[in-house]
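Me: I'd like to go through this model with you and ask what stands behind each label. Could you give me the cut-offs as we go?

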Amino acid sequence: MKQNMGNADRGIRLIVGLSLLIWGFWTQNYFGLIGFILIGTAFIKWCPLYAPFKLSTYRGKQRELS
């Protein structure tokens, strides 16, 4: 799987993901668990929704992730 997320995209996902987790914990709402998905995709640098549309925000040299 190739990296398809740039640094800005990853940063936004981390901030929104953490915000959702905190909000979900604070309000005791399961909707906040979506934050785990955003944080996970930010850490692995690959978004499964980008793949079918061949989208990429990554601007560096491509390398294979294992």
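Reply: Happy to! Helices (H or I, at least four residues) and strands (E, at least two) are DSSP runs, numbered from the N terminus. This is a predicted model, where local features need pLDDT of at least 70 and side-chain atom pairs count only at pLDDT 80 or more, while totals for chains, interfaces and linings use all residues. Residues are numbered from 1 along each chain as its sequence is written, and side-chain values use heavy atoms, with hydrogens and water left out.

Me: Where is F31 found?

Reply: F31 sits in the loop between helix 1 and helix 2, the latter spanning 34–44.

Me: Why does F31 count as partly exposed?

Reply: Buried means under 20% relative accessible area, exposed means over 50%, and partly exposed lies in between (1.4 Å probe, protein chains only). F31 has 47% relative accessibility, so it counts as partly exposed.

Me: Why does R13 count as buried?

Reply: R13 lies in helix 1, residues 7–27. Its relative accessibility is 13%, so R13 counts as buried.

Me: What is R13 in contact with, leaving aside its neighbours within four places in sequence?

Reply: Contact means heavy atoms within 4.5 Å. With those neighbours left aside, R13 is in contact with M5, L38, T41, A42, C47 and Y50.

Me: What makes the link between the side chains of R13 and T41 a polar contact?

Reply: A polar contact is a pair of N or O atoms within 3.5 Å; within protein, one must be able to donate a hydrogen and the other to accept it, and residues adjacent in sequence count only if both atoms are side-chain atoms. The side chains of R13 and T41 are joined by such a contact, at 3.2 Å.

Me: And why does N4 count as buried?

Reply: N4 has 5% relative accessibility, and therefore counts as buried. N4 is placed in the segment before helix 1. Leaving aside neighbours within four places in sequence, its contacts include K45, W46, C47 and Y50.

Me: Which residues of helix 2 are buried, and how do you know that they line one face?

Reply: The buried residues of helix 2 are G35, L38, I39, T41 and A42. Seen down the axis of helix 2, they fall within an arc of 165° (taken from the directions from the helix axis to the C-beta atoms), so they line one face of the helix. These buried residues pack against helix 1. The face turned away from the buried side of helix 2 carries the exposed residues F36, I37 and F43.
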